[in-house]
Structures are given as structure tokens and as C-alpha cells.
Amino acid sequence: MGPLEGLVYGFGVALTPANLSACFVGVLVGTIVGVLPGIGPVGAMALLLPSTFALHPATALIMLAGIYYGAMYGGSTTSILVNVPGEAGSVVTLLDGYQMTRRGRAGAALAIAAVGSFVAGTIGVVGIMLAANWLADLAVQFGPPEYFAITFGGILLLSRLTGGSIVHAFVMVAIGLALGTVGMDSISALRRFTFGSVQLSQGIDLVPVIMGVYGVAEVLLLAEEGITKAQIASVRLRELLPTRQEWRESAAPIARGSVVGFLTGLVPGPAAVLSTFISYTLEKKISRTPEKFGQGAVAGVAGPESANNAATAGAMVPLLSLGIPFSPATAILLGALVIHGLQPGPLMISQRPEVFWGFIASMYIGNAMLLVLNLPLVGLFVSVLRLPQHVLATLVMLLCLVGAYSLNNSFLDLWVLAIFGVFGYALRKLSVDPSPLVVALVLGPMMEKTLRQALFLTRGSVTELIARPLTASILIVTLAAFLGPPLVAFMRRRRNGRSPVAA
Amino acid sequence: MLPRLVPAAVLAVAGVYLFQALKLPLGSAARPGAGFYPVIVAVFACVICLVGLVRGVGFSPQAAGSDADDGDPMPALRRVAITTAALAGFCVVMPWTGYPVAAAAFVIVTLLGLGSRPWAAVTIGILGALGSHALFAGLLDVPLPRGPW
């Protein structure tokens, strides 16, 4: 099935009442989550994951992805109106967005952010259609050694890109890999690290761990703040139209932001956040008036807002074509697919076209829904901020608890949620990013299985394993990406250290 | 003290994990057993923690608190402690009392700990417990424990 034929088929799937409703619920919840500071898209996806178990896999994926890109739209609203980022991908938007609000151009900033997000989301979906098909064709040639190299590379690169100390990241990776070994060994059926518990022989479920380290930890951070209320600027509908000059100034940044965002989404790491910084820096560098950045420059809103939405689309490419999540949000989508008995990867496009193409088509529909939802209803979404945060936090925690229990009707999952919630909170207080733990927990079992299969295939020869052309290429690219930036920084430091002596 | 305590604690856990992993069959390079990969993970964890300890790459804690607390972390920590205690309490009592009672108690205790007025906490607690029970048990057919009644 070619991309266009597949897309037409996908629209047939996405336009069914169940999938349309799931898409609407997803983008609506995503927008609300994006508006609210504290609860991020990953936490919200983790919270709603149990409620998707009864749904068809395509419907579940459509709803969860809707939350992800809906949050990118909603996050900009809080940044622009309240000067508080709704989620991490909207941090850069507040630099110029809030300055536009102070100058009375809040409506124009919101409209440009929404249109930019729509254009970027649509360009991103076209990118997925083309890139995912091509990558899937390539991935058909992959065997256990190549999959081992990819999972190893994914874990290694993500641990480097989370920022902070590499030792912290590797400690998180080790904990995630170790947790992934608990339960029954998939090859020998031997129980490992279960200490006689029957429940533990099923392994540690991914969902309560994710809900704990992201959802519960965020609620505990909100609990620190106690009773808080936000100061909110009001926006009238007629103020939403940008001037002709503002449209002209935002067109090129939207296009550039879309391309930068999509490409950033293809590499492991916090793509949505990273892409906004890259886009903002790029716009400031090529601008004829860089001094306007930080003072309410339209390009400072248009570029990053387009970039973070295109990045969410780009991040779907490695997930759908290789079955490898390069970010915590895509790790949850992978978890949802695995729970439904699906293994994303090159064969999913041909074996489950309704899931793959239905999902792609739903992203077009979701982006259009978001544009319609976000502009006229911006006042309604902002009013969510008037809800007392401590009440919201408590009710969200209750939903976490009942959601975790409903996974397997198991009290063990409740305890896993509570323990990882406190652990996640402690990590935040120690400035440690839990993302490497989650990615290692998702990819660890796959890495173990493919490593053992690969060693069996090569009769235990590591040289034979890494000498296969595709495996070697993947490992070389991974090591270059992992070691390249610190080596360049080291060389630069040495050169800078010598230059005063030479002078 | 704390920066070194964290890698030391993780190292201790990694040591126990390695000890348990060595009890599993290792197999050979050509036929790796169930313990092969866990041993690699355990060795990796121990090495990383040792590097962290030797190089002094610590885990520096941030102060808890908000602007409202004027820099005093105690009220903020108390709110977190009450929320955590309510969370653990919910896990302990739900098998005995059933979901609605445990949920209402959880919401009421947490909201009171966060500074809500008692009548508001009780109202939100009862409505939250009944609403979430109706959603999960009624609409989504999740068999939530009902308790002795």
C-alpha cells in the first residue's frame, strides 16, 4: 500500500464515530493538560492509559497521541497569558509570548501559536508518511543483532541527551534495566528476582512505574506549593486576529520551525523541548532585528511553537517504523500497543494497516480539531487555571490510584505506583531526570531477548555479531553521536586554553 | 553527606541484585542462560555507582518550598509528607474497607493536609470517591473492592 492509498484507507478508519470521539477526547484532555502547569503530557498519557484497555488498539493509540500533541497546543496558552509554561515544550514561548501579552497582542500571539502548530503538525504528518514507510522497508532486513544494536543505541543516546550528569543517567539506566529483568524469563521460563511472589512473576508493570515517576511525582511537587491561584490576562475573540505585518513576520519562522522540529523528533531525546530552543536560536541568529527577541518578537513565538508540534510528529517515526521509543511519551505509546498485543515495527504497516494508517490520518484530523478548539475556546481553557491547584492535584492522584489498580486488579500495582511516585519525587528534588529509567525499562527486555538470540545465531561470537554491516553501521553512528559532542567540547576547551599563551 | 549516600545506597542494592543474579544459570556465550544478562546489568550498575562514589558525582538536593512559605521548607515538606502518608494509607486500607471509603478518606486527609477548609475537604472527598467509583466501576466495569458492606 503506497502512502496516498494508505492515507485514504486511514481516513476511512479515523473517521469512524469511535475513533473521531477518541481523537476529540484526546486533544481536549491534551489541551487542558497543556494549559495546566504541573501535569505534563507524559503524566496525563500515563494516567489515561488504563482507560484505553477496553478500546481497539487504533482507538487507544489515537486518543493517547491526541493528548501528546494537544498538550503542545495547550502549553503555549499558559506561557503567553500567565508567563508560566504549561509544559516543558512551551518554556521558550513565554520569552516573547508574554511580552506580546503585555503589549496588548495576546490574541495575536495565541492565534499565531495555534496556526503555527497546525501547519507544523500537518507538515510533520506528511513527513511521517514518507519517512516511516522508507524506514520500515529498511527495517525488514533487520535481525536480532540489528535490533540489539538499535535498542542499545536508543538507551545510550537518550541517557546522554537528558542533560545533567552522565553518571546520574547511567544509574537510572541500570535501575530500569534491572527492573526489566524481574519476573519470568521469556526464553527459559525461569522466575527471576520474584522472592516467591506469584504476582511478581508477571514482572513489574510498566504503567504504574510511569504513572508513579511522572504522574504522582508531579502531584507531590504541586502539593509542595499548597494553595495557589494564577493571575490571568483576559482575551476577547475579536483580538485574536493578527495584523498583516504579524502574519508576514511569522510565515517563514513557521516553515523553518516545522522542518527543524520534525528533524529533531527523529533523534533520541526530549525532542519537543530541544526543538524549541534550536528554533528560537535559529530565528534570533538569522533575524535582521535580533534585539527584538525577548521584547515580543512574533518570530520568537511562531518558530518554537511550530517546532514543538512538528517534533511530536517526528518522534512517531522511530516508534512506528522500528518499534523503538526515543522519548518517554513515545515509550507510553509503545506500552499501549504492547498491552494490546501489538509490536510496532516494520511489519506493523503491512500486518495492521488499520492501526498504522488510522493513526496517521487521525493526526490530520486532530490538528484540525485543535485549531477549531483552541482559538474560540481559549478563554474557557484558561478558566481551568482558576481551579484550585491543590484540589486538582488530589483528584488527579486519586485517578492515578484507581487507574493503577484497574490494570490487573492488583494491590501490587498500587504499591508499585506509590513507591515509584515517592522515588520520582525524590529524583526531581535531586535534579535527576527519570526518563532514562523509563526508556531502559521499556527497551531492556527487548535488548536482553535480542542479545541472547543474536549470540545464539553467531554461536557466541561477539566479533561476528558486531561485524554485520547493518549492526556495525548502527553502532558506529550511535558511538559517534554519543562521544562526538563531549570530544568536540574537549577539543574546543583545549584550543581556548592554548590561545592566550599563543597570543 | 547526602550526595554520597545516594550512590552508596544504590551500590548496596546493586550488590544484592548481583548476588541474586549469580544464583541463576549463566549458560555460555553461545547459549546464554537466564542469569547472563542480569549479571551484566548488575556489574554495570556496580561500576557506575563506584565511579560516582570515587569521582564524587553526587546527587545534590534542591530545597522544597514555595514563595508562599518565604523560603521555609518545613510547611512544604509537611504537605508532601501528609500526601505521601495518605497515599500509603490508601494502599493499606483499600483491601479492608473497599474503594469508596478508602478514596474518600484519602481525598479528605490530603486536602486537609494541604490547607483546605474541613467542610470543603469532606464534600470534595465524598463527591470525588463516588464520582470516580461511578466512572471506573459503573462505566468502565473495573471490579473495585467494595469492602465488608
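User: What makes A:F170, A:F482 and B:F44 a cluster?

Analyst: In this predicted model, ring pairs join A:F170, A:F482 and B:F44 into a cluster. Over all chains, a search of the whole structure finds 11 aromatic pairs.

User: Why is the pair of A:F170 and A:F482 called stacked?

Analyst: The ring centres of A:F170 and A:F482 are 6.2 Å apart, and a pair requires centres within 6.5 Å. Their planes stand at 20°, and planes under 30 degrees apart count as stacked; the pair is therefore stacked. The pair links distant parts of the chain, with A:F170 in helix α8 of chain A and A:F482 in helix α22 (residues 469-502) of chain A, 312 residues apart.

User: Are A:F170 and A:F482 counted as buried or exposed, and why?

Analyst: The cut-off for buried is under 20% relative accessible area. A:F170 has 15% relative accessibility and therefore counts as buried. A:F482, at 12% relative accessibility, is therefore buried as well.

User: How many residues of chain A and chain B take part in the contact, and what area do the chains bury?

Analyst: The contact takes 58 residues from chain A and 68 residues from chain B. Between them the two chains bury about 5200 Å², 79% of it on carbon and sulfur atoms. A:F193, A:L398 and A:L430 supply 11% of the area that chain A buries against chain B, more than any other three residues.

User: What is the count of salt bridges between chain A and chain B, and how many residue pairs are in polar contact?

Analyst: The count is 0 salt bridges between chain A and chain B. The rule for polar contact finds 5 residue pairs across the interface, both residues at pLDDT 80 or more.

User: Which elements of chain A supply the side that touches chain B, and what classes of residue does that side have?

Analyst: Elements that each supply at least two residues include α8 (166-179), β2 (191-192) and α9 (206-225) of chain A. The largest share, 12 residues, comes from α18(A). By class, the side of chain A that touches chain B has 34 nonpolar, 14 polar and 10 charged residues.

Technical notes
Residues numbered from 1 in each chain as written. Chains lettered and ligands numbered in written order. Predicted model: local features only at pLDDT ≥ 70, side-chain atom pairs only at ≥ 80, totals over all residues. Heavy atoms only, no water. Contact = heavy atoms within 4.5 Å. Buried area = accessible area lost by both parts, 1.4 Å probe. Salt bridge = Lys/Arg side-chain N within 4 Å of Asp/Glu carboxyl O. Polar contact = N/O pair within 3.5 Å; in protein donor to acceptor, adjacent residues only side chain to side chain. Helix = DSSP H or I, 4+ residues; strand = E, 2+ residues; numbered from the N terminus. Nonpolar A, V, L, I, M, F, W, Y, C, P; charged D, E, K, R; others polar. Phe/Tyr/Trp six-rings, centres within 6.5 Å; stacked < 30°, edge-to-face > 60°. Buried < 20%, exposed > 50% of the residue type's maximum accessible area, 1.4 Å probe, protein only.
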